[in-house]
Amino acid sequence: MPENADRRDELRALMRPPRWLVAAATALPAVVLVTMVVAHHVDLPYWDEWDLVPLIAKQREGTLALRDLWQQHNEHRHVVPLAIELTLARLSGWNLGWEVATSLVLGGVILAVLAVELRRTLASAGQSVLRGWTLPAIALLTLSLAQSENWMWGWQMSMLLNVAAATGGFALLSRAGGASLAGALALGVVAVYSFANGGLYWPLGLLVLAGAVPGAPARRPATLVVWAAAGALTIGSYLYGLRVEGSPALALARPGAYVTYVLGFLGNAVAPPSLAPLAGAAGVLLLGLTTARLLAARARPLLAFWLAIALYAVASAAVAGLGRLAQGQAQALAPRYVTFATPLWIADAVLLSLCAGGAARLSRVGARVAALALALVVLGSVTKSAASVEHYGRWYRLMAPVRAGMRAGSVPDDAFVARWIYPRPAAVRERIGVMVRYRLSLFRAP
């Protein structure tokens, strides 16, 4: 008996680590990420970033207009990211490192919002944020190296800005008060005008306000009207004159491929490509099971925020499948989409932690199963990050010599440029001239 008691005490100590260890484990993903980015960043425009050159030229010439920011890019109107990027270009001589640093800051903002919401949620369940492994798990997922394209390519701040706006907006909607509503409305505009899936924020926000998402504070009908009107105006203005791209009808013709695309999109955050669809299905199943158990318990912690960000991830995957299915399953597994899938796994981690911690009133076996599932999510994220390390080294080895050659006046042949730099080599050569004229990016003065 004493031996069994000692083992139980050791298990409790493992599940309740000291605060300094929790803080260190939470900071570690940020340290690793920043180290990787600083070591492998190359100040060379890549792909869509070459489209900024004409806008920077207009900015320098004093002819830049709002319509230049409003222009459609694929299915998106990147008004807010473009405004940020042009401001940074003006201040830095278009040092692309400033854009990458902004992306890292946005990752930190997302993590800060999640940490605040985790504290509220655990407090509602009688737990402490600094007495368990949930916060380090969230940090690991949020700052995962698997999002390599978004950390290394400054243009991709649009995705991180979208998720930061949606995350912050849902956090505000989970609170009562006019100031919270005003902030959520403003962040909804930022989300929409950062990336196309931002339109999903508004109907999901309406569900939160209407109480359809458990745990949200009660709202007056007038609030719903204001929200619906603001959402209609924002989405309507976004869609005005928009050219629809992609093949949505293909999803109806190939439902199996569509479901595989969506599940692979979601599972790619924590699993290798071959297992991504299976992992995506497991993530959705975990969300449903943990939510049901927590709602069935007498003491219901605050769930609205976590359910909202999880639904945002699932809906983003569904919309991406409608527009991108024709490009094949491999496209669903692009590192840039991990940013949109991650909120599902963050919500799963929190809900599993609540279940393991007693909020769902599970049996001892059930609590251990929840803890094991949480450990598997963390293991999946660690494995995925580790497998992504090579992406950073490969990027540096490929782009650093190209930058050095361009700076010396040598541009790679058209075939290389079309594959790795920009699909229109002639445009690259023309825009290099603009960059030299205004001393931008790699042609800045030492």
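**Before selecting anything**

This is a predicted model, in which local features need pLDDT of at least 70 and side-chain atom pairs count only at pLDDT 80 or more, while totals for chains, interfaces and linings use all residues. Residues are numbered from 1 along each chain as its sequence is written, and side-chain values use heavy atoms, with hydrogens and water left out.

**The whole chain**

Begin with a cartoon view of the chain, which has 21 helices and zero strands; these elements are DSSP runs numbered from the N terminus, helices being H or I of at least four residues and strands E of at least two. The radius of gyration is 23 Å, close to the 22 Å that the globule rule gives for 446 residues, so the chain is as compact as a globular protein of that length; the radius is taken over C-alpha atoms, and the rule is 2.2 Å times the number of residues to the power 0.38. Along the principal axes, the C-alpha trace spans about 80 × 55 × 45 Å.

Switch to a surface next: the accessible surface of the chain is about 19600 Å², and 66% of that belongs to carbon and sulfur atoms, with areas from the Shrake-Rupley method and a 1.4 Å probe, where for residues only the protein chains shown count as cover. Of the 446 residues, 51% are buried, where buried means under 20% relative accessible area, exposed over 50%, and partly exposed in between (1.4 Å probe, protein chains only). Among contacts (heavy atoms within 4.5 Å) with a separation of 6 or more, 79% come from residues 24 or more positions apart.

**Helices H14 and H18**

Select residues 255-267 for H14 and residues 338-356 for H18, whose axes come within 7 Å and cross at roughly 75 degrees. That makes H14 roughly perpendicular to H18, a class covering 65 to 115 degrees, whereas under 35 counts as roughly parallel, over 145 as roughly antiparallel and the rest as oblique. The axes are lines fitted to C-alpha atoms, for helices over the stretch in contact, and the angles run from 0 to 180 degrees between N-to-C directions. Show side chains for Phe265, Leu266 and Gly267 in H14, which meet Phe340, Ala341, Leu344 and Trp345 in H18.

**Two prolines**

Which residues does proline 29 contact beyond its neighbours within four places in sequence? Proline 29 lies in helix H2, residues 19-40, and the residues in question are Ala139, Leu140 and Leu143. Proline 29 is buried, at a relative accessible area of 12%.

**Threonine 167**

Select helix H9 (residues 157-173), where threonine 167 is found. Threonine 167 is buried, with 5% relative accessibility, and it touches Ile110, Val113, Leu114 and Phe305, residues up to four places away in sequence being left out.

**Two residues with positive phi**

End with two backbone checks. Asparagine 74, in the loop between helix H4 (66-70) and helix H5 (79-92), has phi near 55 degrees, a positive value in a residue other than glycine. Arginine 439, in the segment after helix H21 (425-438), likewise is not a glycine and has a positive phi of about 55 degrees; arginine 439 is partly exposed, with a relative accessible area of 48%.
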